[in-house]
Amino acid sequence: PRRSRITMRQLLNFTDGIDPANHVHADSVPDRNAYALTAPVIAAPGEVFTYGGSHLQIFNEVLKRKLQRQTPMDYLRKKVLGPLGLSGVEYKKDATGAPLMASGFKLTARQWARMGELVLHRGEYRGHTIVPAHLLEQCFHGSAASPAFGFGFWNNTQAARSGAREFDIEDMLEKKWQQQDWHRACICRDAPADLVACVGSEYQRLFVIPSLDLIIVRQGLNAKFSDGDFLRILVGK
């Protein structure tokens, strides 16, 4: 009964109440979609934020069933990656050929910056509309359970409000979901509120600040890094 109440928005912003099932990242899992579908419902849909790999694998399965005659990766290549000049991107796949949705895609800094261009220009890339602006905008809207996280993108909207809390996102994600606190969370109190970011493990970062017409890509390898300190230096505050 609880699964039947889950919406696509909840699935994409990780508030579906499904266990994160982070073992889905393991190379030993032959069918990641099937594994994610067995993850238990641990909370009522919409109540909590559970960051992890299960949600996007389930989304991949939903898309697979709706598309029928093409795979989700074929659809992604045709609609997004191809127009961005990224159709040959390497990615981690399981025995069924399905991608590891939460990570595993290999991009150079310049390639990743093209995703930043797409965001900066509200769904357009070099004069061509890839995602309608009003749909792309949905990716940046947080939820009641986690205002700073939309559909794969983190936002800095809380920075414009009093009592904004700035902390290391990756450190918070290391905790069990029951111990995480996303109340009034922001990326940097001193950065513009329209900043959005892709936050990857080992401090991989894509920052986009539309008000400054700015895209920043950072590639890291397990070195400690502070988003707040970096952005303060960058924006001169």
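Figure 1. The model is predicted: local features need pLDDT of at least 70, side-chain atom pairs count only at pLDDT 80 or more, and totals for chains, interfaces and linings use all residues. Residues are numbered from 1 along each chain as its sequence is written, and side-chain values use heavy atoms, with hydrogens and water left out. Helices (H or I, at least four residues) and strands (E, at least two) are DSSP runs, numbered from the N terminus. The buried residues of α5 are Trp-112, Gly-116, Glu-117, Leu-118, Val-119 and Leu-120; buried means under 20% relative accessible area, exposed over 50%, and partly exposed in between (1.4 Å probe, protein chains only). With 12 residues, α5 reaches 16 Å from its first C-alpha to its last, close to the 16 Å expected at 1.5 Å a residue, where the expected span is 1.5 Å times one less than the number of residues.

Figure 2. Of its 15 lining residues, Glu-137, Phe-140, Asp-194, Val-196 and Pro-210 are the closest to its centre. On a 1 Å grid over the protein atoms alone, a pocket is an open set of points with protein on both sides within 12 Å along at least five of seven lines, a cavity is a set where a 1.4 Å probe fits but cannot get out, and lining residues have an atom within 4 Å of a point. Grid points are joined across faces, edges and corners, and a volume is the space filled by probe spheres set on the points. Helices α5 (109-120) and α6 (133-136) each supply at least two residues of the lining. The lining divides into nine nonpolar, three polar and three charged residues; Ala, Val, Leu, Ile, Met, Phe, Trp, Tyr, Cys and Pro count as nonpolar, Asp, Glu, Lys and Arg as charged, and the others, Gly among them, as polar.

Figure 3. The structure holds one cavity of 30 Å³ or more, and about 40 Å³ of space lies in the largest cavity. Its lining consists of Ala-148, Trp-154, Asn-155, Phe-167, Ile-169, Trp-182, Ala-185, Cys-186 and Ile-187. At least two lining residues come from each of β5 (154-155) and β7 (185-186). Eight residues of the lining are nonpolar, one is polar and none is charged.

Figure 4. The side chains of Arg-205 and Asp-227 form a salt bridge (2.7 Å, N to O), the term meaning a side-chain nitrogen of Lys or Arg within 4 Å of a carboxyl oxygen of Asp or Glu. Because Arg-205 lies in strand β9 and Asp-227 in helix α8, the pair ties together parts that are 22 residues apart in sequence. Both Arg-205 and Asp-227 are buried. Salt bridges with shared partners join Glu-166, Asp-190, Asp-229 and Arg-232 into one network. Within it, Glu-166 and Arg-232 meet at 2.7 Å, N to O. This pair links strand β6 (residues 165-166), which holds Glu-166, to helix α8 (residues 227-235), which holds Arg-232, 66 residues apart. Arg-232 is buried, at 17% relative accessibility.

Figure 5. One of the 14 salt bridges in the structure pairs Lys-92 with Asp-27, their closest N and O atoms being 3.0 Å apart. Lys-92 lies in the loop between β1 (90-91) and β2 (105-106), and Asp-27 in the loop between α1 (8-12) and α2 (32-37), 65 residues apart. Lys-92 is partly exposed, at 34% relative accessibility, whereas Asp-27 is exposed, at 63%.
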